[in-house]
Amino acid sequence: MQLQSYAAGQWRSGEGGETVRHAITGAPVATVSSKGIDFAAMLAHGRKVGSPALRKLTFHERALKLKALAQYLAERKETYYELSKATGATRADSWVDIEGGIATLFAFSSKGRKELPNASFIIDGNPEIVSRNGSFVGQHIRTPLQGVAVHINAFNFPCWGMLEKLAVNLLAGVPAIVKPASQTSYLTELMFRDMIGSGIFPEGSLQLICGSVGDLFEHLESQDVVTFTGSASTGRKLKSHPVILRNSVRFTMEADSLNFSMLGPDATPDQPEFEIFIKEVARELTSKAGQKCTCIRRVFVPRPLIETVTEALSKRLSKVVLGDPSVEGVTMGALASLAQRDEVRARVRELQQGAEIVYGDLENFSVTGGDAAIGAFLPPILLRCAEPKQHAVVHEVEAFGPVATLMPYETAEDAIDLARRGEGSLVGSLVTYDNDFAREVVLGAAAYHGRLLILNRDSAKESTGHGSPLPVLVHGGPGRAGGGEEMGGIRGVMHYMQRTALQGSPETLSRITDRWITGANRVEGVHPFRKNLDELQLGDCVKTGSHKVTLEEIEHFAHFTGDTFYAHMDEAAAKANPFFGGRVAHGYYIVSIAAGLFVEPNPGPVLANYGVDNLRFLTPVLPGDELKVVLTCKQKNPRITENYGEVRWDAVVTNQDDKVVAQYDVLTMVEKAPRVETV
């Protein structure tokens with residue numbers, strides 16, 4: 001088939017092209033070319049059509065679209081599985097790629113609705129009071145960049161690699177151009193056609209390049225973002241492009257790296273951790289035929305256990321059945337292409353300058369249901385370097401396939417030194433039941449790694465494993481790994497947003513940000529608890545009468561709740577406390593009294609109190625003090641799927657001297673206005 005690009009709202013075929021072949025049979029699968037595509041027009045289409053349409057939507061609306069897209073793709077997943085066979089992947093390999101990618105859409109849809117406001121921008125942090133009397137304040141906000149996210153993806157995950165990035169930029173409100181690697185772009189194109197066919201996201205939100213990026217980089221602007229996944233050398237070349245440098249284009253790079261796995265000294269063969277380690281290394285070596293940017297490349301083992309681990313891993317790997325994944329019993333498929341197979345062989349030969357092969361053979365191996373001369377097959381290869389500090393090659397060369405190198409270490413300090421020699425990686429894992437050893441290794445090596453997995457008998461059953469990036473955790477790493485970050489929950493969304501510092505009066509900034517700031521106007525009148533969500537306005541408040549605190553009430557609260565802490569019940573001990581100087585009221589007594597002062601008791605739009613944020617007790621409350629409250633509507637967050645929304649209230653409790661006793665945010669659910677039925 002002739003693959004097409006989706007550019008400026010149309011599917012377009014490139015001129016000529018290269019042939020992409022089936023990883024198992026060698027048969028032609030597709031022709032790929034983007035020659036003749038107008039890349040400047042693609043960027044302009046994203047900026048002028050996609051960006052405004054996405055920015056009109058709130059985070060919640062975008063999140064719901066992500067969910068709808070995930071459901072749409074999940075219904076069609078079997079067609080992706082069928083075509084994925086051409087990449088050489090087993091069903092399990094494809095599950096990670098296809099359903100793992102779809103699951104990422106679901107994850108960010110959920111995070112977006114739970115952690116982001118139903119708005120088109122984000123308030124970043126609390127207001128900063130920058131003047132003596134509070135009439136001049138500062139506030140940071142984040143707004144979506146008004147350019148296009150260009151995603152240049154690797155061949156090993158044609159679905160997940162696309163979806164894990166799209167989930168974040170679409171949630172942020174930024175359109176994207178996806179450029180998959182040519183070797184497996186036929187699978188990306190198939191899924192992308194369904195994404196466009198669904199009509200879920202506005203036109204201009206999604207575009208696709210099958211083939212090279214041509215002169216696209218020449219047309220990038222300061223509001224654009226480029227993400228790259230692939231080899232470190234290619235990434236560095238793109239990152240140093242003159243337009244990237246001149247326009248300060250945001251560039252996020254996730255490069256292949258020499259990830260490690262380490263066996264703790266305590267994990268001897270008689271301990272559960274030893275078998276956990278052997279299983280994990282073998283699984284990573286064979287999953288996706290080792291074609292994972294997170295795959296284990298360096299295996300660190302206590303020197304006394306190096307022979308035992310070599311034997312155990314060899315025995316485990318001997319059970320791997322290499323061949324056509326469609327044949328029953330095959331557990332590992334082929335590499336993505338013959339060129340990739342030849343590349344891995346060349347890198348293994350480089351590694352042999354400092355290590356010896358202790359399991360596997362580059363040339364002589366059996367294949368089930370396939371032909372080793374035609375398909376891109378390669379068996380698991382395990383090397384061993386006896387003196388890893390004397391051979392830099394084992395810390396510098398990566399064979400991007402089913403290849404790992406065993407290395408011995410002497411002490412924890414020695415192991416940390418070896419971990420650092422990779423000069424930055426995406427992930428390291430440590431298998432140990434010794435938490436002191438784990439702490440020492442983590443604190444010594446964390447700065448060189450984007451993620452660290454500490455695995456033992458307590459977590460192994462539910463662990464997602466060394467090689468599995470998760471939507472809620474950052475994916476990326478320092479140094480050789482590219483220095484970038486992806487996903488990481490809402491952290492990832494921030495990469496596609498601009499932080500801007502606002503300065504002005506509390507009233508002005510309150511109106512701009514839709515969050516009331518201390519010093520802005522307050523409005524008294526109808527009790528705000530009598531107003532529904534639509535009627536309620538920022539600054540609506542109630543100023544209460546006062547309540548006199550008595551010793552009898554303090555003692556009653558103590559006995560009623562069981563909180564008989566000495567500061568409330570023992571006058572002599574309380575006087576000796578430098579903070580109090582005598583018996584004081586309980587903090588939660590103060591909060592309870594405050595609620596009694598500001599609550600409007602009758603049934604109404606306020607449905608529930610679901611929490612308190614930022615509670616601070618600032619001044620001790622003594623018997624005889626008189627408490628009063630000012631409660632102000634601070635922020636509204638309507639839910640688009642429900643007939644209610646969250647309201648955040650600013651609560652300030654003061655005493656008879658107007659000293660602030662307590663300050664906090666009250667969180668409630670409030671009904672929207674009743675719907676008017678039309679006939």
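## Loops, rings and a helix pair

A8 has a relative accessible area of 27%, so A8 is partly exposed. This value, like the others here, comes from a predicted model. A8 sits in the loop between strand 1 (4-7) and strand 2 (10-13). Its phi is near 50°, which is a positive value in a residue other than glycine.

E423 also has a positive phi, near 60°, and is again a residue other than glycine. Look for E423 in the loop between helix 12 (412-420) and strand 17 (425-431). Its relative accessibility is 52%, so E423 counts as exposed. The cut-off for exposed is over 50%.

T229 belongs to a strand, namely strand 10 (residues 225-230). Is T229 buried or exposed? With 10% relative accessibility, T229 counts as buried, because buried means under 20%. Leaving aside residues up to four places away in sequence, T229 touches I152, N153, A154, K165, E254 and E486.

The table sets out the accessibility of some single residues.

| Residue | Relative accessibility | Class |
|---|---|---|
| Y6 | 5% | buried |
| T229 | 10% | buried |
| W11 | 24% | partly exposed |
| A8 | 27% | partly exposed |
| E423 | 52% | exposed |

**Aromatic rings**

How many aromatic pairs does the structure hold? There are 10. One of them joins Y6 and W11. Their ring centres are 5.1 Å apart, and their planes make an angle of 55°, so the pair is tilted. Y6 is buried at 5% relative accessibility, while W11 is partly exposed at 24%. Ring pairs also bring in F192, and Y6, W11 and F192 form a cluster.

F529 and F598 make another aromatic pair. This pair is edge-to-face, with 6.2 Å from centre to centre and 80° between the planes. F529 lies in the loop between strand 22 (523-524) and strand 23 (540-543), and F598 lies in helix 19 (residues 587-598). The pair therefore ties together parts that are 69 residues apart in sequence. Both F529 and F598 are buried.

**Two packed helices**

Two packed helices are described by the angle between their axes and by the distance between those axes. Take helix 3 (residues 77-84) and helix 4 (residues 91-115). They pack at an angle of about 130°, and their axes are 10 Å apart. Helix 3 and helix 4 are therefore oblique to each other. Their crossing is right-handed.

Which residues make the contact? From helix 3 come K77, E78, Y80, Y81 and S84. From helix 4 come R91, S94, W95, I98 and E99. By type, the residues of this contact are four nonpolar, two polar and four charged.

**The whole chain**

The C-alpha atoms fill a box of roughly 90 × 65 × 50 Å, taken along the principal axes. Among contacts with a separation of 6 or more, 74% join residues 24 or more positions apart.

Key. Residues numbered from 1 in each chain as written. Predicted model: local features only at pLDDT ≥ 70, side-chain atom pairs only at ≥ 80, totals over all residues. Heavy atoms only, no water. Axes fitted to C-alpha atoms, helices over the stretch in contact; angles between N-to-C directions. Helix = DSSP H or I, 4+ residues; strand = E, 2+ residues; numbered from the N terminus. Parallel < 35°, antiparallel > 145°, perpendicular 65-115°, else oblique. Left-handed = near helix turned anticlockwise from the far one by under 90°. Contact = heavy atoms within 4.5 Å. Nonpolar A, V, L, I, M, F, W, Y, C, P; charged D, E, K, R; others polar. Phe/Tyr/Trp six-rings, centres within 6.5 Å; stacked < 30°, edge-to-face > 60°. Buried < 20%, exposed > 50% of the residue type's maximum accessible area, 1.4 Å probe, protein only.
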